[in-house]
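Dear colleague,

I am handing over the structure below, and I would be grateful if you could look through it before reading the notes that follow.

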Amino acid sequence: MLSYVLPALGGYAILSIFFLRRPRLLHTPRAPAFRLRLGAHRGGSGERLENTMEALENSVAQRSDLLELDCQLTRDGVVVVSHDENLCRQSGLNRDVSSLDFQDLPLYKEELVVYFSPGHFAHGKDRRMVSLEDVFQRFPKTPVSVEIKEENEELIHKVADLVRHFARNEITVWASEKNSVMKKCKAANPDMPRSFTISRGFWVLLLYYLGLLPFIPISERFLLCFLPTIINRTYFPFSCSWLNQLAAVVSKWVIMRKSLIRHLEERGVQVVFWCLNEESDFEVAFNLGATGVLTDYPTALRRYLDNHGPTVRAS
């Protein structure tokens, strides 16, 4: 039996490696509507108060390729840009967005912690929350990623309708951690590009290590993934220190594979690492072959890209 099994496994391995390196022989990549080199996390939440119009304008002034936003729904049905459903962290008011009308939403605090830069605070003159419609009107040509956190069908359909109304199907990205939410997003507007959910990301990693990835179709256009080297430095996914240390080691070994990133890139999937706020992390991400980076500090990333243009992989 070994005389049959071993040659078959050897042939499979050779084919898998061959098509991993030459995926376009099996798959025709779709031309992207835009290339995401610089993405502004929460609208650029390290330089101005997160998700305010002032923050968005600052990020666009730095030639950001994408504004990364989260959306919630107010009581009167307005899609508002807000990372949290509960307003306590952002404003000090312990109320949910869904319990208030848009006109009654509180102002942001005068300063907010920059989550991925511990010990740093953001300030700004503009403290008002904004609607997604206001964002689309103000920046009609700027790509936006809209993350939906929960299975709120009314919110999903309102976002989908706004995207259609402003003719933004190609430059507005669905994002969600949950498969169940992403299925509803896809059904509401299938013309919008999608990013990988957490479970779909694990699925890609499994296929990669099994050697099956070159043979499986991929419908997502973006892989938004944390950079493992920020764990236990600026990102603490677990409350336990040793769990964070273990996660840093394991995820670094599993995720930071140039051959995987190159394969996805050649198949039209843009690989973007978040949330990087230091130049050393920018360098790690781009040396791995990433398409781009999500950052709280768009000015810092713009300066890095401008200074390292010839050495950073061309878009």
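**Cavities and cysteines**

The largest cavity has a volume of about 80 Å³. This is a predicted model, in which local features need pLDDT of at least 70 and side-chain atom pairs count only at pLDDT 80 or more, while totals for chains, interfaces and linings use all residues. Residues are numbered from 1 along each chain as its sequence is written, and side-chain values use heavy atoms, with hydrogens and water left out.

A cavity here is a set of points, on a 1 Å grid over the protein atoms alone, where a 1.4 Å probe fits but cannot get out, and its lining residues have an atom within 4 Å of a point; grid points are joined across faces, edges and corners, and a volume is the space filled by probe spheres set on the points. The structure holds 2 cavities of 30 Å³ or more. Among the residues lining the largest cavity are Arg30, Phe34, Glu170, Arg221 and Gln270.

As for the cysteines, a search of the whole structure finds 0 disulfides, a disulfide being a pair of cysteine sulfur atoms within 2.5 Å. Cysteine 185 is in no disulfide, and the nearest cysteine sulfur, which belongs to cysteine 71, is 11 Å away. Cysteine 185 counts as buried because its relative accessibility is 0%, whereas cysteine 240, at 24% relative accessibility, counts as partly exposed (buried means under 20% relative accessible area, exposed over 50%, and partly exposed in between, with a 1.4 Å probe and protein chains only).

With best wishes

Note on methods
1 Å grid on protein atoms, 1.4 Å probe; cavity = no way out; pocket = protein on both sides within 12 Å on 5 of 7 lines; lining within 4 Å.
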